[in-house]
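Open the model in your viewer and keep the selection tool at hand. The stops below can be followed in order.

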Amino acid sequence: MIEQFYEWFEGKFTNKIQAFSYPSRYAYIVVEHRKINNHGLFYGEQAYFNQTKKPYRQFILQIFESRDKILVRNYDVPDKTKYTGFQNLNSLSAESLTYKKGCDTIFTWRADANQFLGEIEEGCGCLVKWGDKDTYLQNVAALGDGWYNVEDKGFDLITNEQVWGSKHGQFQFKKENGGLAQR
């Protein structure tokens, strides 16, 4: 199960079709995940299609199987400029990373739909700074052969009102060949 997840997860994804179909609702985004080592460690970047050299999000994920589920653990990227464009990835190791408590995404295999379905762990523990405001993240995701759908939303800690993220449903990413660093 884990090898299937790795194969489907690794690569470059864009929501070009969705963004061109609904330009007022969805920005054109490029997301890429690259496996760093054989211990399920991945480095990723997320950027607007015309600013791939300036990603607005960089992340490190450790992916492993636990009790028939796929657990995706999130880590902060130390010194982001050092790794922008998928450079120096061989210097990253789990020991040098800071774990983002409360931000794990847990995927389950759905054989009937031939996909993995994921949600962030229960509670409001994944804190994300949005400007000067502290928010908590809620996300859902689905991963299949050649596609990856994600919906991230940030909510105010006090009012629970949505502050950022999609108001129109999941971003629908299709897998492409090549990578951000090759642009």
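What follows is a list of selections, each with a note on what is there.

The model is predicted, so local features need pLDDT of at least 70 and side-chain atom pairs count only at pLDDT 80 or more, while totals for chains, interfaces and linings use all residues. Residues are numbered from 1 along each chain as its sequence is written, and side-chain values use heavy atoms, with hydrogens and water left out.

**Stop 1: aromatic pairs**

Select the rings of Phe, Tyr and Trp (its six-membered ring), which pair if their centres lie within 6.5 Å; planes under 30 degrees apart count as stacked, over 60 as edge-to-face and the rest as tilted. Over the whole structure, the search finds 20 aromatic pairs.

Pick Tyr 26 and Phe 171 from these: their pair is edge-to-face, with 5.2 Å centre to centre and 90 degrees between the planes. Tyr 26 is in the loop between helix H2 (16-21) and strand E2 (29-35), and Phe 171 is in strand E13 (residues 171-176), so the pair ties together parts 145 residues apart in sequence. Helices (H or I, at least four residues) and strands (E, at least two) are DSSP runs, numbered from the N terminus. Tyr 26 has a relative accessible area of 8% and is buried; Phe 171 is buried at 18%. Buried means under 20% relative accessible area, exposed over 50%, and partly exposed in between (1.4 Å probe, protein chains only).

Next select Tyr 136 and Phe 155, an aromatic pair that is stacked, with 5.5 Å centre to centre and 25 degrees between the planes. Tyr 136 belongs to strand E10 (residues 133-144) and Phe 155 to strand E11 (residues 147-156), 19 residues apart, and the pair links these distant parts of the chain. Tyr 136 is buried, with a relative accessible area of 6%, and Phe 155 is buried with 11%.

Then select Phe 5, Tyr 6, Trp 8, Phe 9, Phe 13, Phe 42, Phe 107, Trp 109, Phe 116 and Tyr 148 together: they form one aromatic cluster.

**Stop 2: charges over rings**

Select Arg 34 and Phe 86. The charged end of Arg 34 sits over the ring of Phe 86, 4.1 Å from its centre. A charge sits over a ring if NZ of Lys or CZ of Arg is within 6 Å of the ring centre and within 35 degrees of the ring normal. Arg 57 and Phe 59 can be selected next: Arg 57 lies over the face of Phe 59, 4.2 Å from the ring centre.

**Stop 3: His 33**

Show the contacts of His 33 (heavy atoms within 4.5 Å). Leaving out residues up to four places away in sequence, His 33 touches Phe 9, Glu 10, Gly 11, Phe 13, Phe 42, Tyr 43, Gly 44, Phe 59 and Tyr 148.

**Stop 4: cysteines**

Select Cys 103 and Cys 126, which form a disulfide with their sulfur atoms 2.0 Å apart. A disulfide is taken as a pair of cysteine sulfur atoms within 2.5 Å, and by this rule the count comes to one. The torsion about the S-S bond of Cys 103 and Cys 126 is about 100 degrees, so the disulfide is right-handed. The pair links distant parts of the chain, 23 residues apart: Cys 103 in the loop between strand E6 (98-99) and strand E7 (105-110), and Cys 126 in the loop between strand E8 (115-120) and strand E9 (127-130). Cys 103 counts as buried at 4% relative accessibility, and Cys 126 is buried at 3%.

Cys 124 is partly exposed, with a relative accessible area of 41%.

**Stop 5: strand E7 and its partners**

Two strands pair if DSSP finds at least two bridges between them. Strand E5 (residues 69-76) pairs with E7 in the antiparallel sense over four bridges; select Ile 70 and its bridge partner in E7, Phe 107. E7 also pairs with E8, in the antiparallel sense over six bridges, and Thr 108 stands opposite Leu 117 in E8. End at Asn 114, which takes a positive phi near 50 degrees in the hairpin of E7 and E8, where four residues lie between the strands.
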